[in-house]
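Please keep the structure open beside you as you read.

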Amino acid sequence: MAVSCCGRNLSLGWLQPTYVVFFTALCYSVFFAFELLPRIESVHTFLGPEIWGYSSYERGVYLTFFLFHLLLLLFLYSFKLAAFTSPGRIPLDTPSDLSKWRDGNFKVLHSTEATLKQVVSSLDVTLGDDIRQLVRNMIVVERKKKFGFHRFCSFCTLYKPDRTHHCRICGTCTLRMDHHCPWLNNCVGYANYKFFFLTVMYAFSLCTFMAIEMAPTMFKMVAAKGVPVSGIHLLPAYIVYSCVLVLSPLLLFFLAFHLYITANAMSTIEYREKKNSDDPYVQRRFQVAHLKFDNGYLNNLREAFGPMHTWLIPTFRGDNGTYCPKPPKRESRKKLLD
């Protein structure tokens, strides 16, 4: 009997993630057998003038061994977190959450709602600082259609926070949904987007590292005159090296795309279906809502990846992903006394 998690059927959904793990194991085996192991064995043949220390060749071998395994561990850990971390669901933990997302009580003034509808439905209104401040103080900005109402998911019977979309594969709404990734068998959303990004980045780093380190060996193998029948054992090396040569530029393009949309406070859905929509009113709704999320390139990256010193570490501590305005901070006691 198939087991389901977050609305997903796990019997067939894990075929593609299993393929990723299998291909990773194949790459590791080939790189270890054809590159690392021969280099490590060759170290023991050197007894030169630096017998009491490490020669430059030995340092290079050990550095290659360390870097490869470090990148591999970071890739596997990021992949695990991206696949098994919930991307973020509409919170229903407190009475305030239930009031907003179940009952639709957003406490919006009629004048504010009227202003927003006028801005969204009119393409001539300039989106200035006053509009920016207006939308940033609203619990929900995104609307349906030209004169739309609040977005409501008929499947989950809940009102949607900004940037939330329903995934038909997962069977539930995902906060700041970017896309559903079949290679993870999981949605990529607010809570696991950083792990997805790091998975792609470390996959690119591994492929590039292997392509560079294996290049001299592969050139020697290709330059050899003819391949004897016994050389069939070299076939895995040819296959893996061809794969990493193809994957490296593809992963680089994918990585650059996600870096671009993250720095511009967009998701894949927003970039494809809203920003570049043929409907001017869809673009208008995106432009208005985007005022709430866009805080400049660096702050957008911090919002998605956390503080700069943690960008390369697979850890993420964000808010609840609903993009509700934060309550004003209380003045300090010292300021009150003054």
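Predicted model: local features only at pLDDT ≥ 70, side-chain atom pairs only at ≥ 80, totals over all residues.

1. The chain has 338 residues, of which 43% count as buried. Its elements are 12 helices and 8 strands. If we take the contacts between residues at least 6 apart in sequence, 67% of them join residues at least 24 apart.

2. Back to the pair from my opening point, now for its geometry. Helix 6 covers residues 129-136 and helix 10 covers residues 280-293; their axes come within 8 Å and cross at roughly 75°. Angles of 65 to 115 degrees count as roughly perpendicular, so helix 6 is roughly perpendicular to helix 10.

3. Now compare helix 3 (residues 56-84) with helix 7 (residues 193-223). Their axes also come within 8 Å, and the crossing angle is roughly 150°. An angle over 145 counts as roughly antiparallel, which is why helix 3 is described as roughly antiparallel to helix 7. The crossing of these two helices is left-handed.

4. Which residues in helix 3 meet helix 7? On the helix 3 side they are Thr64, Leu67, Phe68, Leu71, Leu72, Leu74, Phe75, Ser78, Phe79, Leu81 and Ala82. Their partners in helix 7 include Phe195, Phe196, Tyr202, Leu206, Phe209, Met210 and Glu213. The residues of this contact divide into 17 nonpolar, 4 polar and 1 charged.

5. The largest nonpolar core has 76 residues, and Leu184 and Met210 are those with the most contacts inside it. Helix 2 (15-43), helix 3, helix 5 (110-121), helix 6, helix 7, helix 8 (235-263), helix 10 and helix 11 (297-305) each give two or more residues to this core. Helix 7 supplies the largest share, 19 residues.

6. Leaving aside neighbours within four places in sequence, methionine 210 is in contact with Cys27, Phe31, Phe68, Val240, Tyr241 and Val244.

7. Ile269 takes us to helix 9 (residues 268-275), where Thr268, Ile269, Glu270 and Lys274 are buried. The buried residues of helix 9 pack against strand 5, strand 7, helix 8 and helix 10.

8. Two loop residues are worth checking on your screen. Arginine 163 sits between strand 4 (158-159) and strand 5 (165-167), and its phi is near 70°, a positive value in a residue other than glycine. Is this arginine 163 buried or exposed? Its relative accessible area is 3%, so arginine 163 is buried.

9. The other is asparagine 185, in the loop between strand 7 (179-181) and strand 8 (186-188). Here phi is near 55°, again a positive value in a residue other than glycine. Asparagine 185 has 5% relative accessibility and therefore counts as buried.

Definitions and conventions:
Residues numbered from 1 in each chain as written. Heavy atoms only, no water. Axes fitted to C-alpha atoms, helices over the stretch in contact; angles between N-to-C directions. Helix = DSSP H or I, 4+ residues; strand = E, 2+ residues; numbered from the N terminus. Parallel < 35°, antiparallel > 145°, perpendicular 65-115°, else oblique. Left-handed = near helix turned anticlockwise from the far one by under 90°. Contact = heavy atoms within 4.5 Å. Nonpolar A, V, L, I, M, F, W, Y, C, P; charged D, E, K, R; others polar. Core = buried A, V, L, I, M, F, W, Y, C linked by side-chain atoms within 4.5 Å. Buried < 20%, exposed > 50% of the residue type's maximum accessible area, 1.4 Å probe, protein only.
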